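Student: I have a structure to go through with you. Can we take it piece by piece?

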Amino acid sequence: MPFKRFVEIGRVALINYGKDYGRLVVIVDVIDQTRALVDAPDMVRSQINFKRLSLTDIKVDIKRVPKKKDLVKAMEDADVKNKWEKSSWGRKLIVKKRRASLNDFDRFKLMLAKIKRAAVVRQELAKLKKTA
Amino acid sequence: MKNILSSETMNIPDGVSIKVHAKVIEVEGPRGSLVRDFKHLNLDFDLITDDNGKRKLKIDAWFGSRKTSAAIRTALSHVENLITGVTKGYRYKMRFVYAHFPINASITNNNKSIEIRNFLGEKKVRKVDMLEGVSVLRSEKVKDEVVLDGNDIELVSRSCALINQKCHVKNKDIRKFLDGIYVSEKGTILVDE
């Protein structure tokens, strides 16, 4: 019930609104009650409103406003990329991205696969109903 | 300005069990159980055990204004009152004050209501029903005293207020006509030395 993910230096967050939608960033400093300074290995350090961030469970061990090199090293040590891609939230986002990038042929193949799977499930269900 | 976090904790004594769920606090102890609902407050209630293993109740206010930060301590006080109500109980004593006409009070309805006659010589009989869980007795040994007992401080004190308000003097100078039934003592049933 109490809060478990806090805004702190080193908290990894996901941007959920704006130009950098979907990007994983690290909170590097807190500017005031509404804004934070965020940084990621592939972007320019910039300020962002807390409302545009969704906090994750991952934390990185850094000092306030580290140099880019130190940030990258700390992110490697904390293994952010792997942790994120293994977490259920990260996996769901990857699946969403894949689904959005399907072309028409892929969607056709997907439809066939779904039909096949549904047929197998229905067969099993009919067998269970018969014995019940 | 908004304080990012203001929080306070209080110790929970042994002998009481507290349940907190969705801002409804239920306290159970030797004298019974009491429930209080804090849904009108914007606070987080938490039961934690601190480093020494003692149980505590922690109340947080995130980004609170002055008023919500002030509400933290009052909520703790309300919980403290629940705890003492359930361990010691509350006993409020009221005295009859009259100059000429003796106030005649009789306890009816198995200690659940009081009837007041001859207040200022009036023919009107005033009947006051006690609230739930509150019992009223005529005090032996002390003349003109009435004792109200109960677990919930809100109900006991409100019953006292109801009795007091029924005996207000009308159309007279109240500085001269000081008759009435007044709360003389607020205490607990079990007194520890």
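**Sheet, domains and interface**

Tutor: In chain B, β5(B) and β6 (residues 55–64) pair in the antiparallel sense over six bridges. Strands pair if DSSP finds at least two bridges between them. Helices (H or I, at least four residues) and strands (E, at least two) are DSSP runs, numbered from the N terminus. This is a predicted model: local features need pLDDT of at least 70, side-chain atom pairs count only at pLDDT 80 or more, and totals for chains, interfaces and linings use all residues. Residues are numbered from 1 along each chain as its sequence is written, chains are lettered from A and ligands numbered from 1 in the order in which they are written, and side-chain values use heavy atoms, with hydrogens and water left out.

Student: Which residue stands opposite Thr49(B) in β6(B)?

Tutor: β5 of chain B spans 44–49. β5(B) pairs with β6(B) in the antiparallel sense. Opposite Thr49(B) stands Arg55(B).

Student: Which strands of chain B stand at the edges of the sheet?

Tutor: The open sheet has three strands in the order β1-β6-β5 (chain B). An edge strand has a single partner, so one side of it is left without a neighbour in the sheet. The edges are β1 (3–11) and β5 (44–49) of chain B.

Student: Which helix lies across β1, β5 and β6 of chain B?

Tutor: The helix runs at about 10 degrees to β1(B). Axes are lines fitted to C-alpha atoms, for helices over the stretch in contact (heavy atoms within 4.5 Å), and angles run from 0 to 180 degrees between N-to-C directions. The helix covers residues 66–87 of chain B: α1.

Student: Which residue forms a salt bridge with Glu154(B)?

Tutor: A salt bridge puts a side-chain nitrogen of Lys or Arg within 4 Å of a carboxyl oxygen of Asp or Glu. Between domain 1 of chain B and domain 2 of chain B the count is one. The closest N and O atoms are 3.2 Å apart, and the partner of Glu154(B) is Arg36(B).

Student: Which three residues supply 61% of the area that chain B buries against chain A?

Tutor: Buried area is the accessible area (1.4 Å probe) that two parts lose on being put together, summed over both. Between chain B and chain A it is about 510 Å², with 60% from carbon and sulfur atoms. The three are Asp44(B), Asp46(B) and Trp62(B).
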